[in-house]
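I set out to look up the salt bridges of this structure and the surroundings of their partners. My entries follow.

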Amino acid sequence: MRFDTAIVGATLLTGDAAVPVVRDGVLGFAGNRIAFAGPRAHLPDAIPASRVIEAAGRLVTPGFVNVHTHAVLSLMRGVALDMGFAPAYTRGVPRGHDITEDEAVALARLGALEALTFGSTVMVDSYVHAHVTLPAMAALGLRVWSCTRFHDVDFTRVHEGVWRHDPAIGDACIAATLDLMKAQEGANNGRTHVTLAPHAPDTCSDALLTKVAGLARETGATIWTHLSQSRLENQVISERSGCTPTQLLERVGLLTDKLIAAHCIYLTDDDIARLAASGMTVAHVPKGNATGGAMAPTPKLKQAGARIALATDNLTQDMTEAMRWSLAVARLQIGSVSDEWQPRDAFAMATQAGAAALGRGHELGKLRPGYLADCVVFDFRHPHLTPLIDPLGTLVHDACGRDVEHVFVDGRQVVVDGEPMFADASNIRAEAQRAAEALWARAGAKA
Ligand SMILES: [Zn+2]
């Protein structure tokens with residue numbers, strides 16, 4: 001056995017139930033796959049590797065799979081979250097259709113930079129200008145599933161409370177998505193993929209949702225949406241379609257195991273049963289929901305057997321923080337600490353559950369031989385991460401994205417000492433700052 005790279009001496013959190021924690025471990029890569037994940041004692045004294053990274057005092061995890069993001073909406077940082085439940089429905093913030101391609105790229109690079117340096121190796125993203133933001137994000141080295149924002153509502157009026165559907169808008173989204181699939185599906189050495197991303201039940205007509213379901217069956221693509229994000233959405237669907245948003249997705253054929261639906265806050269018991277039975281995955285955004293004053297009924301969803309994966313949406317792209325919030329939000333609803341909501345559950349939601357939702361549970365989300373060589377090296381040599389008695393508990397309750405030292409994707413190092421390998425972080429910040437200042441100035445002038 002010979003490795004291209006070996007990370008030596010760290011504690012490994014493998015995500016593998018048989019051996020979840022390996023102390024003084026070695027993680028060895030050959031090409032883009034994991035060749036060894038086990039104790040150093042099982043290898044010769046001289047580790048057979050072209051490159052050895054000494055990593056005592058570090059914790060290594062699988063790369064995090066962030067199943068619901070809008071990288072461009074890093075634009076909203078520090079402002080929009082105090083104005084409404086989501087930017088698309090909020091007055092006075094820059095609108096998606098006002099963002100130029102160059103501005104979208106500048107902001108998407110910022111969102112992807114933050115996510116990657118905080119340990120997400122997969123982002124499942126959607127917003128405007130995906131044909132340029134997807135390759136720009138992938139250029140940083142991470143895996144990206146993306147799609148242009150898909151709707152037939154006239155988004156220029158939604159924040160005024162007007163839902164006017166125009167089939168021509170929907171047809172343009174379908175055409176753009178099919179073009180994006182041709183250009184990006186499987187590109188960047190298999191790191192980029194295209195989803196079908198109907199924005200939400202209320203911003204897509206029943207007819208458009210039915211078309212998307214047909215496309216999903218034809219292409220086998222992952223379906224990505226928002227679902228019961230607000231009481232307003234439920235009300236619009238009740239008036240328009242005479243059912244709940246969950247019932248609508250089922251009626252049009254979108255409630256399948258290919259669906260990743262974000263938020264899932266305002267659900268009836270009947271909705272919960274339907275979601276659980278369908279095999280879909282809830283993209284749980286615990287911090288974003290709570291910041292908007294809401295909690296998804298995750299204890300009920302879990303008890304019903306629903307699959308739940310974690311996401312950051314357009315807030316801080318820190319999956320470690322999301323793990324911590326997922327426990328707090330569930331325990332607030334249960335009223336106590338619970339066996340069902342432990343660090344192992346949050347860790348699985350942030351890794352394996354996301355991989356499974358993308359149909360990649362067999363090769364992503366664990367440190368296991370044969371899996372793709374995606375991992376995160378946390379520097380645990382800090383007061384807030386000491387003493388290290390239970391590494392998983394300490395990771396979930398006390399670590400944060402800023403503790404990430406190195407990130408690998410496909411066996412290739414993409415973050416070194418907290419800095420991106422394939423981009424200049426200060427350039428990305430400067431360009432995003434310029435784009436955001438211009439967009440907020442234009443939004444202010446309009447208001
Ligand atoms: Zn979202």
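I began within a single helix: Arg274 and Asp270 lie four residues apart in helix H9, so about one helical turn separates them. I took helices (H or I, at least four residues) and strands (E, at least two) as DSSP runs, numbered from the N terminus. The two side chains form a salt bridge, with the closest N and O atoms 2.7 Å apart. I counted as a salt bridge a side-chain nitrogen of Lys or Arg within 4 Å of a carboxyl oxygen of Asp or Glu.

The model is predicted; I required pLDDT of at least 70 for local features and pLDDT 80 or more for side-chain atom pairs, while totals for chains, interfaces and linings use all residues. Residues are numbered from 1 along each chain as its sequence is written, and side-chain values use heavy atoms, without hydrogens and water.

I then noted that Arg274 also meets Glu250 in a salt bridge (2.5 Å, N to O). This pair links distant parts of the chain, 24 residues apart: Glu250 is in helix H8 (residues 245–252) and Arg274 in helix H9 (residues 269–278).

For accessibility I used relative accessible area: buried is under 20%, exposed over 50%, partly exposed in between (1.4 Å probe, protein chains only). Arg274 is partly exposed at 26%, as is Asp270 at 35%, and Glu250 is partly exposed at 36%.

Next I looked up Arg368, which forms a salt bridge with Asp16 at 2.9 Å between the closest N and O atoms. The partners are 352 residues apart. Arg368 is partly exposed at 29%, whereas Asp16 is buried at 15%.

My search of the whole structure found 20 salt bridges.
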